[in-house]
Amino acid sequence: MYFAALLARTEDGWEASDTDLDNVESLTDLIDLARSTAVDDDTVVALIEQEDAWFGVVRVDGEEDPRIFVSNAAAASRSSYGSMLTEELLGSDEEEDELDELDLDGTEDGETEVVAVFEQGSSTEDDVDDDEDTGVEPVPAGPLGDPRLLDDLGVGHKELLDLDGDALSQIAESLGATEVLEAVR
């Protein structure tokens with residue numbers, strides 16, 4: 001089960017809104033949602049948590065690039081909303097997908113490229129080593145992203161890295177937003 005909330009900074013403190021993740025299909029959707037709740041292009045902090053297994057923080061400051069932190073990337077990558085964050089932090093395969101669509105092998109559309117494998121006199125594909133590097137970066141079992149994204153708001157990077165359990169309540173307390181977060185929980 002997920003919990004997500006948006007905390008928008010205002011002149012009077014923080015305003016919280018419960019976030020329905022059903023309409024969020026990508027990180028771009030989440031960022032657009034955060035920007036739509038911003039007051040005068042001020043800071044918005046999106047908090048996402050999955051049953052104390054992992055938490056994520058996305059900070060959006062106006063039109064600047066968002067800053068992201070995930071407490072446990074390996075756990076987050078196994079969930080739909082967490083994978084949005086970890087894929088962004090690790091780099092997406094969109095560039096590779098675009099290259100795959102290009103006709104770089106010289107064949108016409110619909111033709112199959114024939115590849116022969118010759119290794120020590122053998123011509124079967126069974127002899128090819130399957131342990132080659134796939135180029136896919138492994139997901140680390142631990143924090144990933146920018147742990148300093150809340151330093152200027154009162155949540156130091158060491159504190160953020162040490163959080164466990166009900167991390168979102170602890171973040172809200174450090175931000176001075178406990179009451180508004182609890183109101184949407």
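Select helix α3 (residues 80–90) to begin: α3 lies across β1 (2–10), β4, β5 (67–70) and β6, and runs at about 120 degrees to β5. Angles run from 0 to 180 degrees between N-to-C directions of axes fitted to C-alpha atoms, for helices over the stretch in contact; contact means heavy atoms within 4.5 Å. Helices (H or I, at least four residues) and strands (E, at least two) are DSSP runs, numbered from the N terminus.

This is a predicted model, in which local features need pLDDT of at least 70 and side-chain atom pairs count only at pLDDT 80 or more, while totals for chains, interfaces and linings use all residues. Residues are numbered from 1 along each chain as its sequence is written, and side-chain values use heavy atoms, without hydrogens and water.

Within α3, display Tyr81, Gly82, Ser83, Met84, Leu85 and Thr86, which are buried (under 20% relative accessible area with a 1.4 Å probe, protein chains only). The buried residues of α3 pack against elements including α1 (27–37) and α2 (73–77). Gly91 follows α3 with a positive phi near 95 degrees.

Next, select the open sheet, whose 6 strands are ordered β2-β1-β3-β4-β5-β6 with antiparallel pairing (at least two DSSP bridges per pair). Because β2 (13–18) and β6 (144–145) stand at the edges with a single partner strand each, one side of each lacks a neighbour in the sheet. Strands β3 (43–50) and β4 (54–61) are joined by 8 bridges, and Val44 stands opposite Val60 in β4.

Finally, colour Leu160: beyond its neighbours within four places in sequence, Leu160 is in contact with Phe55, Phe69, Pro147, Leu149, Val155 and Ile171.

Definitions and conventions. Buried < 20%, exposed > 50% of the residue type's maximum accessible area, 1.4 Å probe, protein only.
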